[in-house]
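Here are a few friendly notes to read alongside the model. Please keep the structure open and find each residue as you go.

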Amino acid sequence: MEMKNLIQQTEKSIDDIKYWTWSELLFTLKQFEDVTSVLTSSRILKKCLDSLVDRLAFSTETSPCPSSSSPDSSAIRLSTDSRSTESLKHSFSRTNWWFEELSWLSRDMVEVLVNTMTSRKVDHGTICKFLFYYQKSKFSSATSDEKLKIIETVINLLSSLDPSSVSCKSLFGILGLSLNLNMSKCCRHKLENMVGHQMDQATLDNLLIPSPVGSNYLYDVNLVLRCLKNFLRVEKDEKFLVKLRKIASLINLYIAEVAPDPCLKPSKFIALITVLPDSARDSYDGIYYAMEMYLEVHPGLSREEKMKICCAVNYDKLSLEACVQLAQNPKFPSKSTVQALLSQKLKLQNLIKDNRNQKTFIDSPGNLTEFVDRKKKEEQIVLYARKLDSPTENENLRAHLQGMQWRVMELENLCKKMQTQMTKMMKSRLSSHSSTRSLPRLCS
């Protein structure tokens, strides 16, 4: 009762609070620490925080404020002591000078402070940096239960800010700290949603998070899948496709990293490949090599499981080199080989349509090598396509590929002979032209 009467008396004189020094504001906040639940709605606390936030905003826009080490100085008036202006600027030039001075605040007080800062349009990036600093400073002497409450407070406050203002690196740092804490599902969902918004800024090291205690697989694949799904839920803008392809390149590296895990289930491996839309990848070569590693580490997979894994590949986006290796690879089922060859056959048909006028193309000696290289690739595809009409199994196919390699060698020798002949022809043409006077071209 006496405390409430004191509050009422004090609130009568709060009009002069705008003239208080920074030290006086901090001192007042410290008096409120033990009775926050009573004073959160009091006018004096609101005025005190408003004034404090105004000082912070003023200091970042103009010149930094003095700290509590100067109790007699005012945050918004000119210094009248003997220290020079340059000395003040040197002492308080950092925009985060106030982080340490407010790190002693309780969790409840920090919530009130951050809500006040957001309502006063303080930069969200600055608020994020303060919250991460606050978390680190509090963790040094906190118990496990206290750490859990601090992290949940920080996450709840971060989730109310602009997602683009939150540092991706710091979010993964919070994520790593929360692994061994029994965080609520609501808080974990908020954290993973924020991480999902920043997935295009993540690195491979960020994603290699150890699996939860009690799990037999190496890395937390489920966590990465949830974050990817959160990214796909964000509002699509003009930069979405660029971010999507950047993430796809990162996930290809991640898949190659987790593929050797002998405890990784086929369903999870397939989920990692298919979680992103097909448009995210221009090539599936990296996925093929990761599959090869996965099948090698998991020799006990059934034929059906292997086929499900192979169905995750877009064979139209495999290079010819990858198709050659796949056809010769005994780890892959024969049906996947046929699918790869079929896609190459379709490519050949389109290639033939595009090259009907190749006679004019090869008239130039400079294009001869490119033409022969293309023909060698076409020869490989033709030999693969012929296999589609044969009912034999993979062993006959591999024998056929050996014959194809001899054919490629023949083409290489033919290419060298043709280059020699073309060189001689060009020399003879040059000598004949040099003996006659060249005439100007009237038209081209």
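**Notes on charge, cover and helix faces**

1. Lys-229, Arg-233, Lys-265 and Lys-268 form a positive surface patch. Patch residues have over 30% relative accessible area and no salt bridge, with like charges joined within 9 Å; a salt bridge is a side-chain nitrogen of Lys or Arg within 4 Å of a carboxyl oxygen of Asp or Glu. Before going on, note that this is a predicted model, where local features need pLDDT of at least 70, side-chain atom pairs count only at pLDDT 80 or more, and totals for chains, interfaces and linings use all residues. Residues are numbered from 1 along each chain as its sequence is written, and side-chain values use heavy atoms, leaving out hydrogens and water.

2. One member of the patch, Lys-265, sits in the loop between helix H14 (240-258) and helix H15 (266-274). Lys-265 is exposed, at 56% relative accessible area (exposed means over 50%, buried under 20%, with a 1.4 Å probe and protein chains only). Helices here are DSSP runs of H or I with at least four residues, numbered from the N terminus.

3. Which residues of helix H17 are buried? In H17 (residues 303-310) they are Met-307, Ile-309 and Cys-310. Seen down the axis, these buried residues fall within an arc of 160°, so they line one face of H17; the arc uses directions from the helix axis to the C-beta atoms. Exposed Glu-304 and Lys-308 are on the face turned away from the buried side.

4. Cys-128 belongs to helix H8 (residues 124-139). Cys-128 has a relative accessible area of 2%, so it counts as buried.

Methods
Patch = residues over 30% accessible without salt bridge, like charges linked within 9 Å, V, L, I, M, F, W, Y side chains within 5 Å. Areas by Shrake-Rupley, 256 points an atom, 1.4 Å probe, with all protein chains shown as cover. Lys, Arg positive; Asp, Glu negative; His and termini not counted. Charge placed at Lys NZ, Arg CZ, Asp CG, Glu CD. Helix = DSSP H or I, 4+ residues; strand = E, 2+ residues; numbered from the N terminus.
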